[in-house]
Amino acid sequence: MKRPIIIVLFLMLLVACSKSEGGEAPEYTATPLSLDVPAFFQENILAPVIPITNPLTEEGVALGKKLFFDPILSADNSISCAECHAPSSAFTDTDRFSDGVNGVLGNRNAMPLFNLAWNFDERFFWDGSATSLEDQVFHPITDATEMANTWEKVIGALEANSEYTDMFLSAFGEGEIDSLKVARAIAQFERTLISGNSKFDRFLAGELELTEAELNGRDVFMDETRGDCFHCHGNPNNPLWTDNLFHNNGLDSTFVDLGLGRVTGDPADNGKFKSPSLRNLAFTPPYMHDGRFATLEEVIDHYSEGLQNSDTVDPLMKKVAQGGVQLTEQDKADLKAFLLTLSDDEFISNTAFREQ
Amino acid sequence: MKCIFPFLLLLATLGVSCSDDDVSGQVAAQVSLRFNHNWDGEEFQTSNFNTVGYANLNGEKMSVERLRYLISDVTFESSDGSSFTVEGYNLVDLTNETGLSYQLSDSVPVGNYTNVYFTFGFDNEDNQNGIYPDLNTALWNVPEMLGGGYHYMQLEGKFIDSTQTETGYQYHAIRAVDNSGEELVFEDTFFQVDLGPVEIQQNSTIAISMNIAEWFKNPNQWNLNQLHSMMMPNFEAQKAISQNGKTVFSLEGVFQE
């Protein structure tokens, strides 16, 4: 009975607010942009994370895209984000460890970038150390193994460039260029990178058939007595193909890189890394946080007979003592065929995501 | 700034309309369920995870690394046999400490209830494949080859097996399904958890505790050495899990706010 009263009150409130707002000069707002979310994302999973402090706008996304592809962010003007996150590789690169400025190598494999707005816990990087897409931008620009720059220099270079001063103005209104605006613009662009048109997506939509091998591969993936991949990497009801959580999938018995454990300081998290999405594997070798596997065959062999035991190995890693789930050669080949159906050619050729 | 006045007005009005201060006049109350956990009476929290030091009835030392379970359709039953059900579900996730408190979406008529109960898992009507976006997001689904729908529980960890090796276990509860024949044959494994009489006179929290050790105890003394893995497609295991689950929950108390 109380509900109608509340609704009426809310309406009054709205009217009251909009009236009093009317007389004043409006604050600058850029053109709002809504994400082009595939319908089956909308139906099947929660809505993407878009911070109220950084709504998407056309101008913001355009600026973020320009920044993403511009080496102006790096110390010696040599590399852009796209150097390690290339559209043709689903926004990763083909190296095991990427070259930063001056050819310095990092110690982790660059991550592909897509469907990032659906990382609901917003823990980015292999070890979850970046806490939002905006926060993430603060890492590579000043990281000595990546762009090795300082914010002072970045802002100076952008301020000196009239094209950028115009673009910042139209994206964020009056005011100085600062690191936060750079981060917000890039994060906006990254949220538009949506991959949702793989062969498997079209199969789910009833647009095509899968081969016998691909169908059996899906069953291996979904079968608790064979691959049992779905508990971490998902199922056809969730288009992300990751849980975005951290696990030790049995790569090592002792850890060079502590992963999540380095971030939380909890030994029970040692050797845990974020489950990557299995979309776009065709474009993203090598695999794992340290790029140790060059092919999907090696990945599958790992889960089948290569598991290493340790205190933190995930309980979902079965038959660790025997090395893993012991797939037949046929099931291995079919599993690979299925995994490849999750790759999205349209995503890597989408001109909206390319440098113009 | 300009919006504050109407907001205050709104708040004031809401205050007046909602808080009928004399208790006797209150006709409905906000109720939430709080899920606590114990191991044979000893409090069990996320901080107790990962320690392979809890003995089950069978004598195996074990740990918990992940615990999530679903409950649904909380119901308040009166002495005249009538009942009031709040349709809905809650995923309790002790691993990430979410869903430990479940605020019922409808307010509950005050009264002296002879029994409050909920469903562990989903009944078959609610257990439809893929229809809950939040549960799909949590990868809570059951593969279609096992009939689809959703998990009821994921309890995972390690135990010391008979060769003294730390071994993972996955104690997953779903609707029992026999997939050995041409067609899937199901048997219901969701069950009703009775909390007993509860009096609701004002806004209240119903505290419930799950004894995790009880999953391995009664009536089926669980032998992890024999069965620790691949339980989802195991028809008999699912029935046994369901039987053991009937005694894991108890009412800790009702706290008025």
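**Exercise 1.** Determine how many residues of domain 1 of chain A are in contact with domain 2 of chain A, and describe the interface.

*Solution.* 
Step 1. With contact defined as heavy atoms within 4.5 Å, 35 residues of domain 1 of chain A touch 29 residues of domain 2 of chain A. The model is a predicted one, in which local features need pLDDT of at least 70 and side-chain atom pairs count only at pLDDT 80 or more, while totals for chains, interfaces and linings use all residues. Residues are numbered from 1 along each chain as its sequence is written, chains are lettered from A and ligands numbered from 1 in the order in which they are written, and side-chain values use heavy atoms, with hydrogens and water left out.

Step 2. Domain 1 spans 39–194 and domain 2 spans 199–347 of chain A, the bounds coming from an automatic or database domain assignment. Their C-alpha centres are 27 Å apart.

Step 3. Buried area is the accessible area (1.4 Å probe) that two parts lose on being put together, summed over both. Between the two domains of chain A this area is about 2,500 Å², and carbon and sulfur atoms give 60% of that. On the side of domain 1, A:Phe114, A:Trp126 and A:Asp127 lose the most area to domain 2, together 25% of what that side buries.

**Exercise 2.** Is A:Arg191 buried or exposed, and which parts of chain A does its salt bridge with A:Glu134 tie together?

*Solution.* 
Step 1. In the salt bridge of A:Arg191 with A:Glu134, the closest N and O atoms are 2.9 Å apart.

Step 2. A:Arg191 belongs to helix H8 (residues 179–191) and A:Glu134 to helix H5 (residues 133–137) of chain A, so the pair ties together parts 57 residues apart in sequence. Helices are DSSP runs (H or I, at least four residues), numbered from the N terminus.

Step 3. Buried means under 20% relative accessible area, exposed over 50%, and partly exposed in between (1.4 Å probe, protein chains only). A:Arg191 is buried at 2%, and A:Glu134 is buried at 10%.

How values were computed: Salt bridge = Lys/Arg side-chain N within 4 Å of Asp/Glu carboxyl O. Helix = DSSP H or I, 4+ residues; strand = E, 2+ residues; numbered from the N terminus.
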